[in-house]
Amino acid sequence: MTDLSSVKHRLNQVFCDVFEDDSIEIFDAMTAADIDEWDSVTHITLVLAVEKEFGVRLNAAEVGKLDNVGEMIKLLARRSAK
Amino acid sequence: MEASELRGKIAEVKGLIANQDWISAFARLTALSSPENDFVSQARVARLYSGLPAAALGLKSIRIAILASSTVDHFTDVLKYWIAREGFAAEIWSAPFNTIEATAFDQSSPLYDFAPDLVWIFTTGRDVRIEADDESQATAAVTETVRRTQALWTAIRSRMDCTILQNNADIPANDSLGNFAAQTGSSRRNLLRLYNLELGRTAPAGVLLYDLEHFSALHGKERWADTRYWYHSKHAFAHGAYGKLAFHAARLLSALKGRSRKCIVVDLDNTLWGGVIGDDGLAGIRLGNGADGEAFVDFQRWLRAMKDRGVILAVCSKNERNTAMEPFRSHPDCVLKLEDIAVFTANWTNKADNIRDIAGTLNIGLDSLVFVDDNPVERDFVRTQLPDVAVPDLPEDPACYIEAIERHRYFETVSLSAEDRVRTQLYRENAKRAELRNSAGDIGEYLRSLDMVSESGRVDAFHLPRMAQLINKSNQFHLTGNRYSEAELKRLAGLPEYIVRYFKLRDRIGDSGLISVIVLLARGSELYVDTWVMSCRVLGRTMEEFICNTVVDAARQAKCRAVVGRYLPSPKNKLVTGLYQRLGFEKIADVEGETTWRLDIGPDTPDLVSHIRGEVARASEVLDVA
């Protein structure tokens, strides 16, 4: 299984890029409520950036479920380990 | 581009933005962005661009309404950036998701308050409902579907003057009939093909099709669809296509605003044929035979096709003139002939100077030129010396030349007129006139010897496309910079207070075609020159004087006592700064360079001297659409 902390580190960079804010520090319980600009529109940008960074292709159902950082990390660790 | 590399470059842009160095920031964005880049990169560039003030970048405003049946939020952000690259700051209003018909048919919808220059009806193949159980119903069913789309156009255009951009149907990669769909009249694939043909056949002036079907094929049908994001959030096509689609659309918009390129300047050795004519000789150059010989022939065919649709061809080569002309005269496989080339420059002067001369001879701006040369050193030199000239990179293999140029979409057009097909001939005739002028004793003798006749007429169905094209493409001889679509021009011509006229010019050398349009507005005792455009091909032939005399006559007939004209300066119309003064007008206002001019008309105001004889078109009365 891919190391969770390395996934978290890479994911943090994706967040900084997508929201153009280098001060973002992600945490497991983080949701859209914690970042002003994280709405249904930027969510798609975020998911596409995640797909690119981790070289994964999420399925239609997963795209909608990724609303919490902890879930994202777990899913990415699982998918990129395959 | 690697993520880390992109991050570094974006950090630089952010630094420039922090210093409010908007122009450098935009230049850096330009350097790091490409239509081919993936969505993540497009989104970041679009986001950074949105933080730059349009005024500081010198962008002109354009208002676009998008009526879409799918989610286009991300796409419009990317679109704004690519439109900015064409010199426009787009203000985009998107109708609420999937309300196309409600928006168009509701007179009180915000669309009509927004008053856009362009309405983009952004439908996709998914929206096109055609009910046909078998082949016998296909045509009627398609006609009915097209009729529903046309009803949108009619509704929008009856309420405002604007151009409509209408997507046709992108045909899906999959069809239940598989390959056999191609020969089944009622297959989804064939019904959509019929729909697209019918849409193109029936689109009136003022409605421009966006060929989404062609674009999706170009992008690759399998890549084009990303159904996950359709099910999740109603994105109708893959985000990976956004950059290129936005770029193509922006180029089309630029063409609509008269900013397409007009002329290809080509090098000869290793560009039009393999080898060096001066060293290898007529029999030694590679043209026609062998793999690359065939590729050069095809490249020449492509150039000739461009010429046939109205793009001017010029040659710029470091060669002896006679040697350089030899293949055109005598090589059996040379597709291009000397008469296809408007200006033939072969000498040992540097190419930047030569290209400047070519632009001068043709009387077009450097930003109308595309320079094609196999030699990277020449390309770099021209890029540095003449930044307005487009210089596409050319691969070493001539087999890839056409694609390397086409991908830039330099030559998008929104109309075709009879003039387009004979443009090179018109420029060659001008070169002949220049010779005649040089040999004549004085300018008056030369002008009289031309035996010039100008036909003028009203808006009619036959001349309307060219009139609108001239208004929308002219930059240099354009006093007020107005742009009118065919629909707007037709509407103005129908109003009693407006006079809209075209002018043609022919002489013993040839027919220059429709070369000027004026829009006049009679208000009280004054006749205002709302718009006056003229092709620079006919400068120096007393056409301005002839038109001015015609305007004065029109003023008399309209019982006006004065003609009032305005000059609104643009970066490109310095040519006509002093026009009204030259024609005897008096300056009555000057507000930051925007000048207003007046010519009082008495019963004995004399005509200006012109060597042109007038002729009023008869046919236009019959064809009058106004």
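Q: How far does α2(A) reach from its first C-alpha to its last?
A: α2(A) has 15 residues. Helices (DSSP runs of H or I, at least four residues) and strands (runs of E, at least two) are numbered from the N terminus. The expected span of a helix is 1.5 Å times one less than its number of residues. For α2(A) that gives 21 Å, and the reach is close to it, at 21 Å.

Q: What kind of model is this?
A: Residues are numbered from 1 along each chain as its sequence is written, while chains are lettered from A and ligands numbered from 1 in the order in which they are written. Local features need pLDDT of at least 70, side-chain atom pairs count only at pLDDT 80 or more, and totals for chains, interfaces and linings use all residues, as this model is predicted.

Q: Which residue just after α2(A) takes a positive phi?
A: Within α2(A), the buried residues include A:Ile44, A:Leu48 and A:Phe54. Buried means that 20 or more other C-beta atoms, placed from the backbone, lie within 10 Å of the residue's own; exposed means 12 or fewer, and partly exposed lies in between. Just after the helix, a positive phi of about 60 degrees belongs to A:Gly55.

Q: What radius of gyration does chain A have?
A: Chain A has 4 helices and 0 strands, in the order α-α-α-α. The globule rule (2.2 Å times the number of residues to the power 0.38, with the radius taken over C-alpha atoms) gives 12 Å for its 82 residues. Chain A is close to that value, so it is as compact as a globular protein of that length: its radius of gyration is 12 Å.

Q: Which helix gives the most to the side of chain A that touches chain B?
A: The contact takes 13 residues from chain A and 16 from chain B; two residues are in contact if their C-beta atoms, placed from the backbone, lie within 7 Å. Both α2 (40–54) and α3 (60–65) of chain A supply at least two residues of the chain A side. With 7 residues, the most comes from α2(A).

Q: What distance separates the centres of domain 2 and domain 3 of chain B?
A: An automatic or database assignment sets the domain bounds. In chain B it gives domain 1 (1–28), domain 2 (33–256), domain 3 (263–406) and domain 4 (440–623). Taken over C-alpha atoms, the centres of domains 2 and 3 are separated by 36 Å.

Q: Is B:Asp451 buried or exposed, or partly exposed?
A: B:Asp451 sits in the loop between α21 (443–450) and β10 (452–457) of chain B. Leaving aside neighbours within four places in sequence, B:Asp451 is in contact with B:Asp507 and B:Arg508. With 13 other C-beta atoms within 10 Å, B:Asp451 is partly exposed.

Q: How far apart in space are B:Asp451 and B:His611?
A: In sequence, B:Asp451 and B:His611 are 160 residues apart. From C-alpha to C-alpha, the distance in space is 7.9 Å.
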